[in-house]
Amino acid sequence: MTHATEIQKIDVGDAKIHVEITGEGPDLFLVAGLGGRGAFWSKQVQGFAEHFRVITFDHRGCGDSSPDKVVYGAEHMAEDVLALMDAMGIEQINLIGHSTGGAIGQHIALDHPERLSKLVLSCSWAGPDEYLTQLFRTRREILISCGPLAYLTMGTYLAMPSSILQPQMTSARAFMEERLAAFPGLEVELSRINAVYTHDLRSRLHHIKIPTLCIGSADDQITPPGFTEEMGELIEGAEIHLLDRGGHFCPIAATEPYNARVLMFLKD
């Protein structure tokens, strides 16, 4: 069954957020990562809409939401999720946060636990180590020195398994055109990169009491599986699940096992 999608522009005070709503049932927010676009979840929306009212959105400054200059860390982005919930009249949600979206979910779970019923931390991390810090500093330098095309190309190669990526790249330029068109601008992207490698809640995650699933992939090169295991160990009672493969973009590259495991947790 294909569920119709309603598109709204929702005013959160200082920005208008592009929101897409699909299906009926308990509210489920899908929160994208560094790219900030709700379209990241295209392979989850219809399947999850069989059981939930699925809400995706473009982060401020990204996609079809209001242009903006900077974000001030994952906590700032979490405030936008709460403002969006308030504007939509939603008291409590299930939340799936991928990568940076998982950092956003951690802040909400710690500071506003009453707003979440269940939390999925997808290919996310509790705090940086030298590996993650150097990776994102290098990506930052590539963006500044070589420009958005080189930066986006490197990010795509890191995030997607070669077995998925190679067959799609009959023309590298055509493949990257859509990503380049969605690039939010240098200042916004630099602020979002900074939000990644300054996120550190290791000392607080043990306070999360919401039912939590930490899911990742064994071949993730951006947030390696040790980050998923660490979150699961820090959060009391959290479930940990590692897919055999799928890379950092496992919701796209390993859709069937990813969706099945997440739905098993959310529906339990």
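Guide: Two strands count as paired if DSSP finds at least two bridges between them. Keep that in mind for this model, which is predicted.

Visitor: Which residue of β6 does Gly97 stand opposite?
Guide: Start with the strands. β5 and β6 pair over 6 bridges, in the parallel sense. Within β6, the residue opposite Gly97 is Leu121.

Visitor: How many of the 7 residues of β6 are buried?
Guide: Buried means under 20% relative accessible area. By that cut-off β6 is mostly covered, and its buried residues number 6.

Visitor: Which strands stand at the edges of the sheet?
Guide: The sheet is open, has 8 strands and shows mixed pairing. Its order is β1-β2-β4-β3-β5-β6-β7-β8. An edge strand has a single partner, so one of its sides is left without a neighbour in the sheet; this holds for β1 and β8.

Visitor: By how many degrees are neighbouring strands of this sheet turned against each other on average?
Guide: Take each strand with its neighbour in the sheet and ignore direction. The average turn is then 20°.

Visitor: What is the bridge partner of Gly216 in β8?
Guide: Strand β7 covers residues 212-217. β7 and β8 run parallel, joined by 5 bridges. Gly216 has as its partner in β8 the residue Leu242.

Visitor: At about what angle does helix α3 run to β5?
Guide: Helix α3 spans residues 100-111. It lies across β3, β5 and β6. Its angle to β5 is about 140°.

Visitor: Are α4 and α5 roughly parallel or roughly antiparallel?
Guide: Their axes come within 6 Å and cross at roughly 150°. Angles over 145 degrees count as roughly antiparallel. Therefore α4 and α5 are, to each other, roughly antiparallel.

Visitor: How many charged residues are in the contact of α4 with α5?
Guide: Residues of α4 in this contact include Leu135, Arg139 and Ile142. From α5 come Tyr151, Met154 and Leu158, among others. By class there are 9 nonpolar and 2 polar residues, and the charged count is 1.

Visitor: And α4 with α8: roughly parallel or roughly antiparallel?
Guide: These two helices pack with their axes 9 Å apart, at an angle of about 170°. The cut-off for roughly antiparallel is over 145 degrees. Therefore α4 and α8 are also placed, to each other, roughly antiparallel.

Visitor: How many nonpolar residues are in the contact of α4 with α8?
Guide: Phe136 and Ile144 are among the α4 residues involved, and Leu190 and Ile193 among those of α8. The contact has 1 polar and 3 charged residues. Its nonpolar residues number 9.

Visitor: How many disulfides does a search of the whole structure find?
Guide: A disulfide needs two cysteine sulfur atoms within 2.5 Å. For Cys214, the nearest cysteine sulfur is that of Cys123, 11 Å away. For Cys250, the nearest is also that of Cys123, at 3.5 Å. The search finds a total of 0.

Visitor: Is Cys250 buried or exposed?
Guide: Its relative accessible area is 0%. The cut-off for burial is under 20%. So Cys250 is buried.

Visitor: Which residues does Cys62 touch, not counting those up to four places away in sequence?
Guide: Cys62 lies in the loop between β4 and α2. At 1% relative accessibility, it counts as buried. Its contacts beyond those sequence neighbours are Gly35, Gly36 and Arg192.

Visitor: How far apart in space are Cys62 and Ala182?
Guide: In sequence, 120 residues separate them. In space, C-alpha to C-alpha, the distance is 7.4 Å.

Conventions:
Residues numbered from 1 in each chain as written. Predicted model: local features only at pLDDT ≥ 70, side-chain atom pairs only at ≥ 80, totals over all residues. Heavy atoms only, no water. Axes fitted to C-alpha atoms, helices over the stretch in contact; angles between N-to-C directions. Helix = DSSP H or I, 4+ residues; strand = E, 2+ residues; numbered from the N terminus. Parallel < 35°, antiparallel > 145°, perpendicular 65-115°, else oblique. Contact = heavy atoms within 4.5 Å. Nonpolar A, V, L, I, M, F, W, Y, C, P; charged D, E, K, R; others polar. Buried < 20%, exposed > 50% of the residue type's maximum accessible area, 1.4 Å probe, protein only.
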